[in-house]
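Subject: Structure handover and findings

Hello,

Here is the structure I said I would pass on. My notes follow below it, starting with the aromatic contacts.

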Amino acid sequence: MAFGIKQTRWLYVSFSILSLCLALNITPVKAFPPATTPVISSPESSNWLEQGRNLYRSGRFAEAVTIWQTAAQQYHTQGDRLNEALSWSYLSLAQQELNQWPAAQKSIEQSLKLLQTSIPSADAVLWAQVLNTQANLQLHTGKAETALENWQQAQKFYEQAGDTMGSLGSQINQAQALQSLGFYRRSKQQLEVLTQKLQGMPDNEIKISGLRSLGLALQIIGDSSNSKLVLEQSLAIAHKISAQPQLSSILLNLGQTAVNLQDPEAALDNFEQAQLLATNPSDRLQGRLAQFKLFLDYNKPEFATPLAPQLLQQLRELPPSHTSLYAAINFVATLNRQSNPEQILPLKDLAQLMAVTLQSAQEIQDAQAQAYTLHQWGKLYRRTQQVSEAQELTQKSLDIAHQLQANDIIAQSAWQMGQLYKQQGDRSQAITAYTEAVNALKALRGDLVAINPDVQFSFRSSVEPIYRELVDLLLDNQPSQAALMQARELIEALQIAELDNFFREACLDKTEQIDRVDPNATVVYPIILPDRLTVILSKAGQPLRSYVTHKSQTEIQQTLDNFLVALNPVSDSKDQNRLSQQIYDWLIRPSEVDGAFIDTKTLVFVLDGRLRNIPIAALYDGKEYLIEKYAVALSPGLQLMTTRSLHQNHITAIVGGISQARAGFSALPAVESEVKQISKAMSSSLLLNQGFTSQALAERVKSSSADIVHLATHGQFSSRLEDTFLLTWDGEVNVKELSELLKSRGSDPSKAIELLVLSACDTAAGDDRAVLGLAGLAVKSGARSTIATLWPVKDRAAAMLMTRFYDQLQQPKITKAEALRQAQISLIRQTDFHDPFFWSAFVLIGNWI
C-alpha cells in the first residue's frame, strides 16, 4: 500500500514516545509437552494430540478446536484421564486464540478438575502445562496478578521435573505479566538474564517469546533502537522455524518501535505485514487499527477514513475479551483526539460502540476497561455539549478508578471533570478536580510508564495541559498568596514531570528547596498562558509577587522565535535590540519599576516553554544587557538543586575534547588550545582526541575526585532522548549513558561533580523542549551545576570565554553565576566578540552559588 510516504518523508511531524498506543498483544509461551517428557499413552492418542498441535502451530485454530474436542471425548470414553486433561488444556488455548473466552474458561476448569480429582499422581510437567494455559487466559482477561502467581507455580513444577525449557518459558511469561502490571524495569531485568541463557540454546518458540518480550519491555521504557534489534532477532527465528502464530505479534511490536523511531514507512510496512500474516481475527484487527492510527497521527485522513467503518464493524462483532475491549477503547480514543472526528464517523456510532464495550467489560468483570470506556464515552458527550451526561459518565469512571486506586485513570477523568466544571463557570470545583488530577500524576512518578500499555497517553497532549490549565485557573484575577504558591509549585512539578517523561523514569528522587539559601537571589517564574504572560517572583523572606502582561500566546511565541532568528550576527542589530527590549519589558521591567530587585545580585529563571531556548542574559533594557546588571542562572526547578558551593582554593578538573573532524562532524580547531589553557589554569587530567573515549572518561571520573568535568566536543540536545548525545572519539554517547557515566562515583553526595561544562554543544533548532535534554543531563548526572551552550559558538570565542570563566572562578568567594557573568562582560567590553551571539549562548543551569 503506497501513498507517497517515501516522497514526503513526513520529516517534520513529531510523535510522542508516550503516545496513546494500540493494545500491545502479549503472547505468552504456550505449553506443549516437550519430547523429553512424554505423557501420551498410545499411538492413537499421540495422533489426535499431534494433529491438533500441528493445526494450532499453522494458525488453523478452529480445526484444532474440533480435533481436541474429539480427543477429549475419546479419552473420556477410554477412561484416559491424563490425556483427557491435556486435551481440555489444549482446547482452552485454541479457544483463547479465537476469542472464545467463556468456552476457554470452561475447558481449563475441566482440565484442572480432572487433575485435582481423577489424577492425584499426575506428573509435574502436566500440572505445569495446565497452569500455563490457565495463566494465559487470566492474563488476557485482565487478571495479571493471578496469572503471575500461576506462572510462578508452573515454574516450580517444571523445575521439579528437571524441564529447563519449560522453566524458562514460565519465567518469560512471568516477565510478561509484570509488564501488564506496569513493572517494566523489573520485567526488563528478568528478561535480560533469561535472554542470556537462551542465546546458547537451539532456536525454538520459547526463544522467540523471550526475545519478543525483551523487545517489548525495551520499547515501553523508551530504548527503541535496542528494542528494534531484539525484535528483529525474534522475527528472524520465527520465520526460520515457521512459528506462524508469533509473526503477527512481533511485526505489530516492530511497527510501534518504528513509530517511536519516527519512521512511518517502516511502521506502515510492519503493520501491513502483521495484518496479512495474522492467524486470528484479533491480530488482523490490531494490524488494521495500527494503520488507522498511523494515518491519523501523520495527518493522512484520506487513508484513515475508508478504514473507519470496516473497523467499527469488526469491533462490534468481536466477542468480549481484554484485547477486544481495549481495541474499541483505543479506536474511540484515537478519534477523540481529532479536531473533527465526525468527519470520519458519526459520533452517535462511537457512543454506541462505547455502550456495547461497557456492557462487555461488565460481562468479563474487567473494571479498568469499564473506567476507560466511561471516560472516552464521557469525552464524546462533552464534544456534543451534553454536559450533564458527560459529567455523569466521567464521575462513574472516576468512582471505579478510586476503587481500583488507578492513578492513570484518576488523572484523566478528574481532568475531564475539571474541564466540565470550568465550562459551567464553577471555578472552585474545577480547581478541586484539577488538583486531584495533578496529585494522581505525581503518584505515577514511581514509574511514569507504568500506565496500562493498552491506553498510554501522550505527555504533550494529556499530561502537560493538566498542569497549565490549573495554573491558568489559579492565576485568574488577583491571585492570593496561597494561589501564587500553588501555581509556583505546579510549574516546578511540571518541570519534574517533563524531565521524568524525557528520561522515561522518575530520575529526580532527592529534592531540596533552596530559594532560602541565597538572600541575594531572586527567582523568576515566567508562565506563558493562552491570553497572558504571568511572572511570579520569589525572594527569601518576602511574599511572592506577580506581574501580568496581556498578550496572546501566539504573539509571545512569535516574538521569541523572531528574537532567536535576530541573534544571528548577520541580522539587523536594530531588530535584535527591538525584540530583545520587547521581551525585557515583559519579563523584567515591571519588577524593576516595582523595586522588586533591590539587593538582588543573581536572577534565577525557571523557564517555561519556548522561553527556555532564548538567552536570558542577552535581554536589553535600551542601554545595557541584563547580564551587565545581574548574574543569571537557569533552573529546572529549585527543589531539584543541592546547596553545596565550590571550594575555590583547590579546584581540580577532568578536561576532555575533540579538535579534529570525527564521525562526520567538523573539526573544532580552537578546542585544543582551549583545553590546554584550562589544564594549565588548574590541577587537571587531560583527554584529547584519541584519548577522549567514553571508557577513558568513565575511568577518570570514577577514579578521580575532580570537582569539574569540562568537555569541549560536539553534542546535541533534543526533546527526543534518542537524539540527545555527546561525541567521544569512539562514537556518540547518549544522554542516559552519559548521565550514568558521570554518576559512576556512586551515590555519596559529597563525591558529586561540582560543575559539568559542555562547551561545544547544540540544542535542536526549533524544538521548544530541546533544552530538556540539557536540563535533564544537568540534574540526572548528579552534577551540582552545568554550563552549556544553546547553539554552536565560534570556537575561538568559546575558548576565550571559558578561559576567563576559570580565571574568575578561582577568585575567593565568587559564585559560579558571577564568574560566568564576569567572563561574558569581558567579551562584551574588551573583545571583538561583543555581539550576544558569541557570549549569550553560554548558560548556567543548577546551583549558581
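Searching the whole structure, which is a predicted model, gives 15 aromatic pairs. One of them joins Trp48 and Tyr75: the ring centres are 5.3 Å apart and the planes meet at 80°, so the pair is edge-to-face, the cut-off for that class being over 60 degrees. Trp48 sits in helix α2 (residues 43-57) and Tyr75 in helix α3 (residues 61-78), so the pair links distant parts of the chain, 27 residues apart. Trp48 and Tyr75 are both buried.

A second pair is formed by Tyr620 and Tyr625, with 5.2 Å centre to centre and 50° between the planes, and this one is tilted. Are Tyr620 and Tyr625 buried or exposed? Tyr620 has 15% relative accessibility and Tyr625 has 13%; buried means under 20%, so both count as buried.

Two further items involve aromatic residues. Trp791, Phe833, Phe837 and Phe838 make up one aromatic cluster. Arg662 lies over the face of Trp729, 4.0 Å from the ring centre.

For the chain as a whole, there are 35 helices and 15 strands. The chain has 849 residues, of which 61% count as buried. Among contacts in the chain with a separation of 6 or more, 71% are between residues 24 or more positions apart.

Helix α7 (residues 144-160) has 17 residues, which at 1.5 Å a residue should span 24 Å; the C-alpha atoms at its ends are 24 Å apart, so the two values agree. The buried residues of α7 are Ala144, Ala147, Leu148, Asn150, Trp151, Ala154, Gln155, Phe157 and Tyr158. What do the buried residues of α7 pack against? They pack against α6 (124-140) and α8 (164-180). After α7 comes Gly162, with a positive phi near 70°.

Buried in α22 are Ala430, Ile431, Ala433, Tyr434, Ala437, Val438, Ala440 and Leu441. As background to both lists, an α-helix has 3.6 residues a turn, so residues three or four places apart point the same way.

Leu398 belongs to helix α20 (residues 387-404) and is buried, with a relative accessible area of 4%. Leaving out residues up to four places away in sequence, Leu398 touches Ile410, Ser413, Ala414, Met417 and Glu436. Between Leu398 and Ala371 there are 27 residues of sequence separation and 7.1 Å in space, C-alpha to C-alpha.

Last, the strands. Which strand pairs with β6 (residues 652-657) over six bridges? Strand β7 (residues 683-688) does, and the pairing is in the parallel sense. Within this pairing, Gly656 has Leu687 of β7 as its bridge partner. β6, helix α29 (residues 670-681) and β7 together make a β-α-β unit, and the unit is right-handed.

Regards

Key:
Residues numbered from 1 in each chain as written. Predicted model: local features only at pLDDT ≥ 70, side-chain atom pairs only at ≥ 80, totals over all residues. Heavy atoms only, no water. Helix = DSSP H or I, 4+ residues; strand = E, 2+ residues; numbered from the N terminus. Expected span 1.5 Å × (residues − 1). Buried < 20%, exposed > 50% of the residue type's maximum accessible area, 1.4 Å probe, protein only. Contact = heavy atoms within 4.5 Å. Pairing = 2+ DSSP bridges. Right-handed = clockwise from strand over helix to strand, strands pointing away. Phe/Tyr/Trp six-rings, centres within 6.5 Å; stacked < 30°, edge-to-face > 60°. Lys NZ or Arg CZ within 6 Å of the ring centre and 35° of its normal.
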